[in-house]
Amino acid sequence: MAVTVEGIMSQASENAKFEAQFMANAKIALEAAENVTKYSIAELYRLLYDNSVVGNPAYWKTPPPPDYKPGTLKKGWRISFSGFRDGDGQFTSASSIVQNHGMSLSINGGTKTAYIFNNTPYLERIEYQGWSKQAPNGFVRLAILRFTSIVDGNAAKFRTK
Amino acid sequence: MAIFADIQNGLASKLNELNDLIVDWENTKYKGNEGKVRIHPQLASAQSTLRDTSGTQENPGFLQIDVYVPLGSGTKSLTSVIDNIYDLFKNQILEVGSTKIYIRQISRGPSYRSDSCYVGVVDVYYTCYD
């Protein structure tokens, strides 16, 4: 087979085309993967927020204090991509959240890690000790169990063609 | 197929293999177990999801097992019971009729102190397909 300048130029052009096509596809795939991660984490966060029990004095044996406002647990959920940060933007740690009887989880999504946590000091009692009649088995672990199907659903949604 | 009854029966039967432990089953009144090492299981089923177009359903959930050890008996007895539960369920596939219950994970939750006991929590996570 004869090697010609035209042949080499043509092959180089084909290679460049292939590389451009490959890079474009890789970009689409990476964007899709990032969307799956982003939307799945957001959905888990929303699930935790939505399923958080809200104090209902009708269930209580003693009347609530006069200034009682329900919803502390629900409002206590935080999400961050730069470590565990409390409401003032100061860093805290998973161990300090556990010491405070709150709950935390970190999800490694490839390029980013999401930190979801709640520092409300009675969350552990609601989750593990059956302190809420509205959620006697807690709600955090049940939400986390849905995470795989949430990721599967988003993977199907953002699948590249 | 009674999938949820099968899950409950499968996990309860397995737990019954811990012969020397007192089990306070759910919704059953017990007397005289205070001050003794005992366990209390509670089943929590998560939302089922459709796995494929042939209609296979995935039914996940967990069995929370509270381990009660009298105060003053030392945390070693608590850890020992938790280890026994861990060994009992680890890597198991439980079968009830044609239902298979896959044990996915066993994790230890927070421990706490109640009036007369030290309590440890073990979660046994399962998945069952139907």
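Trainee: How much area is buried between chain A and chain B?
Mentor: In this predicted model, the area buried between chain A and chain B is about 1300 Å², and carbon and sulfur atoms give 57% of that area.

Trainee: Which residues in chain A lose the most area to chain B?
Mentor: Those are Tyr128(A), Arg141(A) and Leu145(A), which together account for 43% of what that side buries.

Trainee: And how many residues does the contact take from each chain?
Mentor: Chain A gives twelve residues to the contact, while chain B gives 19 residues.

Trainee: How many salt bridges are there across the interface?
Mentor: The rule finds two salt bridges between chain A and chain B; one of them joins Arg141(A) to Asp123(B), with the closest N and O atoms 2.8 Å apart.

Trainee: Which elements of chain A give two or more residues to the side that touches chain B?
Mentor: They are helix 4 (123-128), helix 5 (140-145) and helix 6 (147-157) of chain A, and the residues of that side divide into four nonpolar, three polar and five charged.

Trainee: Switching topic, which residues touch the most other members in the largest nonpolar core?
Mentor: That core has 28 residues, and the ones touching the most other members are Leu11(B), Ile39(B), Val67(B), Ile85(B) and Phe89(B).

Trainee: Where does the largest share of this core come from?
Mentor: Helix 2 of chain B supplies that share, with six residues.

Trainee: What is Leu11(B) in contact with?
Mentor: Leaving aside neighbours within four places in sequence, Leu11(B) is in contact with residues including Leu43(B), Phe89(B) and Tyr126(B).

Notes
Residues are numbered from 1 along each chain as its sequence is written. Chains are lettered from A and ligands numbered from 1 in the order in which they are written. This is a predicted model: local features need pLDDT of at least 70, side-chain atom pairs count only at pLDDT 80 or more; totals for chains, interfaces and linings use all residues. Side-chain values use heavy atoms; hydrogens and water are left out. Contact means heavy atoms within 4.5 Å. Buried area is the accessible area (1.4 Å probe) that two parts lose on being put together, summed over both. A salt bridge is a side-chain nitrogen of Lys or Arg within 4 Å of a carboxyl oxygen of Asp or Glu. Helices (H or I, at least four residues) and strands (E, at least two) are DSSP runs, numbered from the N terminus. Ala, Val, Leu, Ile, Met, Phe, Trp, Tyr, Cys and Pro count as nonpolar, Asp, Glu, Lys and Arg as charged, and the others, Gly among them, as polar. A nonpolar core is a set of buried Ala, Val, Leu, Ile, Met, Phe, Trp, Tyr and Cys residues joined through side-chain atoms within 4.5 Å. Buried means under 20% relative accessible area, exposed over 50%, partly exposed in between (1.4 Å probe, protein chains only).
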